Amino acid sequence: MLDARTVLQMNEVRLSDYRPPDWLVPTVALDVRLDVDRTLVTSRLTVTRNGDHRRPLRLDGQDLETRRILVDGAPVEAVPNGEELVLAIPGDSAVVEIEVAIAPRTNTRLMGLYGSDDLLVTQCEAEGFRRITWFPDRPDVLSLYTVRLEGDAAQFPILLSNGDRGAAETLDGGRHAVTWTDPWPKPSYLFAMVGGQLAALRDEFVTMNGRRVELAIWTAAADVGRCSHAMAALKASMDWDERIYGREYDLDQFNIVAVSDFNAGAMENKGLNVFNSKYILADSETATDADFDAVAGVVAHEYFHNWTGNRVTCRDWFQLSLKEGLTVFRDQQFSADQGSAAVRRIDDVRALRAVQFPEDAGPHAHPIRPDHYVEIGNFYTATVYNKGAEVIRMLHTLLGRDGFRRGTDLYFERHDGQAVTCEDWVAAMEAATGRNLTQFRRWYDQAGTPTVTVHMARAGRQLTVNLAQSLAATPGQPSKAMMHMPFRLALIGRDSGRRIGDERLVELTAGETRLVFEDLDEPVLLSLNRGFSAPVKVVAPASRADLAFLAGADDDPFARWEAMQRLSLDVLATDDDPHELVDAIAATLADGAAGRLDPAFVGEAVLLPTEAFIGDQASVVDVESIHRRREAARAAIAAVLEPQWWQAWHWHSGTGTALNAGAKGARRLANVALAYLVTAGSAEALAAARQQYDGAATMTDRIGALSALINTDTPERDACLADFYDRFAGNGDVIDKWFTVQALSTRADTLEQVQVLLRHKDFTLHNPNRLRALVGAFAANQRRFHAADGSGYRLLADQLLAVDRINPQSAARLAVPLGRWQRFDAGRGALMQAQLQRIAGTAGVSKDVMEMATRALA
Ligand code: 0A1
Ligand code: ZN
């Protein structure tokens, strides 16, 4: 019997093994008879030999019942060998016709064609098309698709696929059919079809060249009224991509479908985006301000893929960041343009540090362009997406806005209609700007978060600053080369509180970089990595007093927020009295009250770092001390500043439903204030929370009040929790919030409550959102998930193994928290490892989970 690791290595796909496809498929005609239990798919592929070779045509397939295979009209007796079908083709081209049957109802993996509510819907990225029919299912095979969808007219009145809608047929027996033609060649992962009872919110967009595009967002009839925010975001995205990147939409129709059961956020299928409903449906009753922003961000992301991903696609899955890093960067730019850019940047950095930094520091560390994988589904990671976006942002910083735009123009000009590599992208940037990016390319190859260590020495009016970079070893990469990083910094006068001179953009390329500043008249402090110009950790000595000073004076909003974070981390790493932190927060609140800072920024700045982030700073995460110290600091901040919190709450609560930056900022600050007030624990605070809950005009305020109460043991908590469920029963996206808020409670009974919730009638392992809402959220509750007796780990592993039998992709994601075992004390580490071993040792576990568990144990 082979051990798990050997089996994994045998299944490993390596970048170095890449070879162009042996056969191309210029055209695909699909005829699909939709049926929930047994859908028949007939494909007609024209295939042409690619290059001078005699190799057969190899097709991928999974869970297909193969009924008939014809080559040039003649039946062939080929028998699939597992997930491969090999067809000998004598000539250099042929027509291959294959008929298969598939079973959407039992497709619980949600890859390929599956059922969600009463719909049939597809998900093909990365390797789902092979679950619909036999095909060379790789992104460098681009085809023109014609798709005829047929089904019962009452059950499937709406039939959608990619491209433009063509002929409709009315058939006998209450059936009908529609044919869709996509004029743009595309890889199979961008194929989509949807059938079911859907209603649409419709609109239109006229492009920069006067082309009229019909827009439709499809959902259940009852939800059409909740699509307007998504529609506005779609139109804004179309306009933005024209203005900022010169990119125009290229079909007469753009359709979006919202579904309840979806493995990821959304999918950019050509002309037919499919969305997780939580990123489409939004109104002030049911969606928080953060949800509204997420809807706009994801709508923009998928729309932007039309150029970065679809018109120019990836040669192979190792190049995933080519489309994802670039598209995340573009959606971040878009969102920054829509609202408060400073707060958006802080949020982006917060997300990167919460998910990607730990990934880079753990057993699953990989470069933004990985060079091997077993299951590609495991590489849709924060590294590929979010660090990938940071790498694109660094290029933008290095080349400047105009240089970057010249680069993207050239990239589109050179590669439109092609499947290309990250190297092609960087080469276009070089060619358009004349910059040499040889060293910069290392960002694509090297995993891990670099550290920049800063020292300064003052001699009279001269200041010398030394910046040293380093990058620790990661799995498979014992030694690293120096990175090329843009590092923005400035000096802040310690007396004047003003910036001294201009901000500098320093390009760090060597191990050490020395900067000299002359003619300084006052003591100065360093404002470092402004705007988070490089995705690195910065280590720089600074006293608490200096950090507090910067938190009040730095003119770069990110650096100002960062100063407060550093001060918080410094204080929370000790049992010291947190008075420096209390004072700095008081000063920030005073700046807000005086109108010198906007409330959204204040709301961000006065939040303490999460327990997880505090843990990430230490060599060994001390779960209990972190929790105790942070709670003590929260209590002090709440008690000492109680009048200020009341003032902030009174000023900013009850802002109505407006979605402008001012109103959103006010709600943010009011909710932070309310949480501190409830922490301070007065009867008035509980009453205020109850009042805010009952009178809430928005979900932001309602869930804000509930979150403030959730850690308490009070009748108000229980009443609001019960009301919340009753009020929103039946609305899945909102009931998810009800599960999450309980899973995140710091109360001692949280694990027990989660166990109760796992048995709740609304809990199901089949819905990825619900699984994330309860089990995923619980695993992010540092204090309670990491219970010293290992009960949290056992709970997670139990659920993981149960989901694996249903949906391996969802299951594999749950392994990530256990993979961090090396960061915890020996006792917890052993308990986490034991669960990973149990998972890896379970018979029949999926390769998705096996890869994650085995790598975590390595
Ligand atoms: N390309 C999509 C993400 C995505 C990836 C895999 C999926 O399979 C379940 C679904 C969606 C995006 O970046 O939005
Ligand atoms: Zn994407």
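Does Val-349 count as buried or exposed, given its C-beta neighbours inside 10 Å? With 20 such neighbours, Val-349 counts as buried, because the cut-off for that class is 20 or more other C-beta atoms within 10 Å. The structure is a predicted model, and the values in this briefing are computed from it.

**Overall form of the chain**

- Along its principal axes, the C-alpha trace of the protein chain spans about 85 × 65 × 60 Å, and buried residues account for 51% of the 858 residues.
- Of the contacts in the protein chain with a separation of 6 or more, 69% are between residues 24 or more positions apart.

**Annotated domains**

- An unreviewed UniProt entry lists "domain: Aminopeptidase N-like N-terminal" at residues 76-190, a span that is 0% helix and 50% strand and whose end C-alpha atoms lie 29 Å apart.
- The annotation "domain: Peptidase M1 membrane alanine aminopeptidase", also from an unreviewed UniProt entry, covers residues 230-443; this span is 56% helix and 9% strand, with its end C-alpha atoms 34 Å apart.
- For residues 545-858, UniProt gives the feature "domain: Peptidase M1 alanyl aminopeptidase C-terminal" (unreviewed entry), and over these residues the chain is 71% helix and 0% strand, with 43 Å between the end C-alpha atoms.

- The residues around ligand 1 are Gln-123, Glu-125, Asn-263, Ala-264, Gly-265, Ala-266, Met-267, Glu-268, His-301, Glu-302, Glu-324 and Tyr-380.
- Sorted by class, this shell around ligand 1 has four nonpolar, four polar and four charged residues.
- Strand E19 (266-267) and helix H3 (289-304) each contribute at least two residues to the shell around ligand 1.
- Glu-125, which is one of the residues around ligand 1, is joined to Ala-126 by a cis peptide bond with omega near 0°, and Ala-126 is found in the loop between strand E10 (119-123) and E11.

**Strands E11, E13 and E14**

- Strand E14 (residues 175-186) runs antiparallel to strand E11 (residues 143-152), the two being joined by nine bridges; within this part of the structure, Thr-181 in E14 is the bridge partner of Thr-146.
- Strand E13 (residues 164-171) also pairs with E14 in the antiparallel sense, over six bridges, and the bridge partner of Leu-171 in E14 is Arg-175.
- E13 and E14 form a hairpin with three residues between them, and Gly-173 in the turn has a positive phi of about 70°.
- As a point of background, the side chains in a regular strand alternate between the two faces of the sheet.

- Asp-63, although not a glycine, has a positive phi of about 55°, and its place is in the loop between strand E4 (57-60) and strand E5 (65-71).
- Asp-63 counts as partly exposed because 16 C-beta neighbours lie inside 10 Å.
- Phe-532 likewise has a positive phi, near 55°, in a residue other than glycine, and it is placed in the loop between strand E29 (524-527) and strand E30 (537-539).
- Phe-532 is buried, because 22 other C-beta atoms lie within 10 Å.

**Contacts of Val-349**

- Val-349 lies in helix H5 (residues 341-360) and, leaving aside residues up to four places away in sequence, touches Phe-532 and Phe-558.
- Val-349 and Ala-663, which are 314 residues apart in sequence, are 23 Å apart in space from C-alpha to C-alpha.

**Arg-747 and its loop**

- Arg-747 is found in the loop between helix H20 (732-743) and helix H21 (750-758), and it is partly exposed because it has 16 other C-beta atoms within 10 Å.
- The C-alpha atoms of Arg-747 and Arg-784 are separated by 8.2 Å, while the two residues are 37 residues apart along the chain.

Technical notes:
Residues numbered from 1 in each chain as written. Chains lettered and ligands numbered in written order. Predicted model: local features only at pLDDT ≥ 70, side-chain atom pairs only at ≥ 80, totals over all residues. Pairing = 2+ DSSP bridges. Helix = DSSP H or I, 4+ residues; strand = E, 2+ residues; numbered from the N terminus. Near = placed C-beta within 6 Å. Nonpolar A, V, L, I, M, F, W, Y, C, P; charged D, E, K, R; others polar. UniProt positions renumbered as here; feature names shortened; annotations may be inferred. Buried ≥ 20, exposed ≤ 12 C-beta atoms within 10 Å, placed from the backbone. Contact = placed C-beta atoms within 7 Å.
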